[in-house]
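Here are my notes on this one, point by point. Have the model open while you read.

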Amino acid sequence: MYDAPVHVSERIHHRTCPFCEATCGLEVTLDGDRVTAVRGDREDVFSGGFICPKAHGLKELHEDPDRLTTPMIRRDGELREATWDEAFEEIDRRLSPILEAHGRNAAAVYIGNPTAHNLSFLAYNPVLLRALGSQNVYTASTVDQMPKQVSAGLMFGHLLSVPVPDLDRCDHLLMLGANPLVSNGSLLTAPNMRGRLRGIRERGGKVVVVDPRRTRTADEADEHHFIRPGGDALLLAAMACTLVEESLVDVGPLAEHCEGLDELCELVLDYTPEEVAPATGIAAEDIRRMARELAGAERAAVYARIGTTTQEFGTHASWLVDVLNVLTGNLDREGGAMFTLAAAGQRNSNGTPGQGRGVRLGRWQSRVRGLGEAFGELPVACLAEEIDTPGEGQVRALITMAGNPVVSTPNSRRLEQAVEGLEFMLAVDIYVNETTRHADVILPGPGPLAKSHYDLALYQLAARSVANYSPPALEYDGPAEWEVLLRLAGVVSGQGPDADVDALDRLVIDTLIGRELADPRSRVAGRDAGELLEELEPRRGPERMLDFMLRAGPFGDGFGADPDGLTLDVLERNPHGVDLGPHRPRIPEVLRTPSGKIELVPEAIVADLPRLTAAMERRQNGGMVLIGRRQLRSNNSWMHNLPALVKGKDRCTMLMHPDDAARLGLVDGGTAMVTSAAGELEAPVELTDEVMPGVVSIPHGWGHSAPGTQLSVASEHAGVNSNLLADETLVEPLSGNAILNGIPVEVVPAPVPAVAQIG
Ligand code: SF4
């Protein structure tokens with residue numbers, strides 16, 4: 001193989017790609033501060049050289065002239081460049097009086113998806129949120145995966161106890177509402193999904209995809225079934241019913257760790273394949289065969305993603321995925337659905353029996369609609385009404401962190417208007433986008449190569465245990481993101497704009513160490529706090545936190561060939577990452593339920609079953625429903641300003657089946673007017689039989705035509721914002737997740753613009 005030569009002035013930098021959950025290793029060639037090449041790192045212990053087209057966006061993001069490099073303050077209605085000191089003074093001047101006069105809940109926070117790939121945000125956002133003390137915390141989780149976290153929390157006792165398919169040892173994989181060949185995995189960190197899925201088939205196994213659209217992943221599978229949007233929970237319940245009816249339930253050694261098995265087997269009998277077939281669109285004999293094949297496979301896993309969580313039965317579907325994994329004896333088994341073991345940030349992993357406090361949901365409610373919190377956040381579908389509804393507790397200030405909720409959350413039009421009415425808005429962001437254009441202050445961050453990287457969150461969902469740390473490759477003359485977050489924490493806690501960041505950071509690490517030492521199950525229990533702190537010298541910031549978490553983590557006292565244990569020093573010496581091995585069974589140690597068992601019939605989920613039962617009666621009425629779709633060169637709303645990722649034909653189209661188009665008078669390349677209860681939009685029509693009849697698909701994250709943004713490339717490829725059609729009043733009741741798939745819509749040809757009359 002030909003290797004491009006590296007010129008004398010060039011240097012190679014290895015780092016983890018920050019763009020999606022796959023955590024691929026990159027080999028970046030730099031000439032000074034110029035990126036001359038981005039390739040896959042063939043020595044990366046996890047990705048082995050695999051990358052997708054988005055990786056090349058790293059160079060364009062680094063060079064993007066629209067990316068902010070200095071703080072911005074609104075003066076006389078315009079965003080103007082300012083110094084860091086001026087920006088913090090302005091924040092203190094505008095935000096502090098609001099908090100003082102109206103209380104902590106007067107400020108809301110929205111945290112966007114890119115923060116999940118950012119070490120500083122992951123480590124220091126909790127510090128800022130604690131300092132702010134507002135109950136109005138919103139994130140992208142409630143337009144995404146919250147139902148899975150709720151079901152995992154209720155079944156296993158922790159919001160991150162999400163089992164992932166053991167892809168490399170699995171013989172049968174059933175996937176619903178997931179398109180990992182395009183998303184590159186989600187709630188499942190595993191680079192090179194195509195290779196891993198092919199591996200299953202090459203081992204003689206089978207891959208089955210269930211989706212209202214025949215996706216790229218479906219094209220790679222042995223079998224694909226169209227399903228009516230929202231029908232996944234019924235399908236899974238009917239498969240469970242088949243297992244019970246045909247005596248195929250075999251829980252295996254898990255039996256002694258399960259609570260409610262008999263009740264579960266009784267409950268699912270209400271959902272026979274014959275009963276659910278009309279509502280799902282899948283024939284009863286196919287449902288029975290799928291259940292038999294799942295039960296008959298040597299090592300199998302059921303996996304479901306965003307199509308199943310952003311719909312009206314998201315928590316039921318998420319629960320039933322793991323119910324099937326349990327009933328077929330595949331949960332916590334090699335080759336099945338396994339609990340991960342992350343090197344950092346995963347507590348209580350030292351093999352002690354697993355009993356805990358479980359999860360508590362609904363500890364507070366949203367002011368206007370009374371929707372409950374989950375894991376410290378409220379449904380983002382409530383954000384607009386919390387801002388635009390006057391009264392005690394009204395949100396008057398908004399802080400966004402690497403987010404664009406005006407594009408990414410339901411009923412964009414209402415949220416946009418609400419944001420315009422805020423008394424103060426602060427954005428921590430690198431772009432002036434559709435949301436941040438309304439900000440009074442914007443604080444930028446370093447470029448993608450001027451910060452360190454460690455996937456604290458995503459390794460908790462990885463298909464095997466790995467750890468990879470990337471130091472910054474370039475200098476940055478502004479404050480690091482963690483310093484910005486601590487300085488903000490100083491402002492909101494009343495210390496003014498010049499809080500002592502080092503003192504705050506010392507408090508943060510002391511608290512982290514103290515919490516760990518207080519846990520009798522911790523690996524470092526009994527150690528001296530001062531001694532531990534000394535071992536971390538001279539590090540500070542997220543590196544100090546990460547080093548401590550690695551030392552206190554499950555590989556901190558040795559792994560593989562290294563008896564000394566995993567530290568940040570070890571990772572710095574291994575720029576291609578450290579492989580910590582495949583997963584091992586973790587039940588009962590991983591459980592944190594009060595019973596110490598797997599709760600198979602969580603009360604909240606069972607209480608909401610009548611709603612699912614009622615859905616069995618639904619029949620196709622000839623109406624259309626809208627679903628979203630993932631795209632390989634796009635990741636939510638924020639990568640559309642990178643030329644390499646938007647070039648070529650318009651990708652923001654509405655997919656429609658030719659039979660529907662013929663019936664409704666639409667043509668390929670024409671324009672459709674799409675109307676829902678929340679709003680309307682016009683979208684270009686793309687006819688394809690890859691979507692099932694009765695379904696149209698528009699990707700999310702587009703709609704970049706708003707004035708006042710600084711997105712010169714994205715605005716040339718604006719597309720339409722599908723969230724104009726999402727109804728913010730519709731949320732999944734157990735998790736508060738917005739319903740973004742299965743939205744009833746009316747689709748007609750768009751009116752032809754009137755031709756100007758001459759003469
Ligand atoms: S799959 Fe994800 S992590 Fe890998 S190169 Fe593409 S965007 Fe980056």
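1. Some ground rules. A polar contact is a pair of N or O atoms within 3.5 Å; within protein, one must be able to donate a hydrogen and the other to accept it, and residues adjacent in sequence count only if both atoms are side-chain atoms. The model is predicted, so to speak of local features takes pLDDT of at least 70 and side-chain atom pairs count only at pLDDT 80 or more, while totals for chains, interfaces and linings use all residues. Residues are numbered from 1 along each chain as its sequence is written, and side-chain values use heavy atoms, with hydrogens and water left out.

2. At its start, a side-chain oxygen of Asp500 comes to within 3.1 Å of the backbone nitrogen of Asp502. The 17 residues of α18 span 24 Å from first C-alpha to last, close to the 24 Å expected at 1.5 Å a residue (the expected span is 1.5 Å times one less than the number of residues).

3. Which residues of α18 are buried? Val501, Leu504, Asp505, Val508, Ile509, Leu512, Ile513 and Glu516 are, where buried means under 20% relative accessible area, exposed over 50% and partly exposed in between, with a 1.4 Å probe and protein chains only. As a reminder, an α-helix has 3.6 residues a turn, so residues three or four places apart point the same way. The cover over these buried residues includes α3 (119-132), α17 (481-492), α19 (529-535) and α20; contact here means heavy atoms within 4.5 Å.

4. Now have a look at Asp547, in helix α20 (541-552). Asp547 is buried, at a relative accessible area of 1%, and its side chain makes a polar contact of 3.4 Å with that of Arg539. Neighbours within four places in sequence aside, Asp547 is in contact with Leu536, Arg539, Thr567 and Leu568.

5. On aromatics: rings of Phe, Tyr and Trp (its six-membered ring) pair if their centres lie within 6.5 Å, with planes under 30 degrees apart counted as stacked, over 60 as edge-to-face and the rest as tilted. That rule gives 5 aromatic pairs. One of them is Tyr124 with Trp482: centres 5.6 Å apart and planes at 35°, so tilted. This pair links distant parts of the chain, with Tyr124 in α3 and Trp482 in α17, 358 residues apart, and both residues are buried. In the pair of Tyr454 and Tyr459 the centres are 5.2 Å apart and the planes at 75°, so that one is edge-to-face. Tyr454 counts as buried at 1% relative accessibility, and Tyr459 does at 4%.

6. The sheet is an open one of 3 strands, in the order β1-β2-β3 with antiparallel pairing (two strands pair if DSSP finds at least two bridges between them). Its edge strands, β1 (10-16) and β3 (34-40), each pair on one side only. β1 is joined to β2 (25-31) by 7 bridges; His13 has Val28 as its bridge partner, and Arg11 stands opposite Leu30. Of the 7 residues of β1, 5 are buried, so this strand is largely enclosed by the rest of the structure.

7. Finally, check Asp668, in the loop between α25 (658-664) and β23 (671-675). Is Asp668 buried or exposed? At 51% relative accessibility, Asp668 counts as exposed. A polar atom of its side chain lies 2.8 Å from the backbone nitrogen of Leu687, and the C-alpha atoms of Asp668 and Leu687, 19 residues apart along the chain, are 5.3 Å apart.

Terms used
Helices (H or I, at least four residues) and strands (E, at least two) are DSSP runs, numbered from the N terminus.
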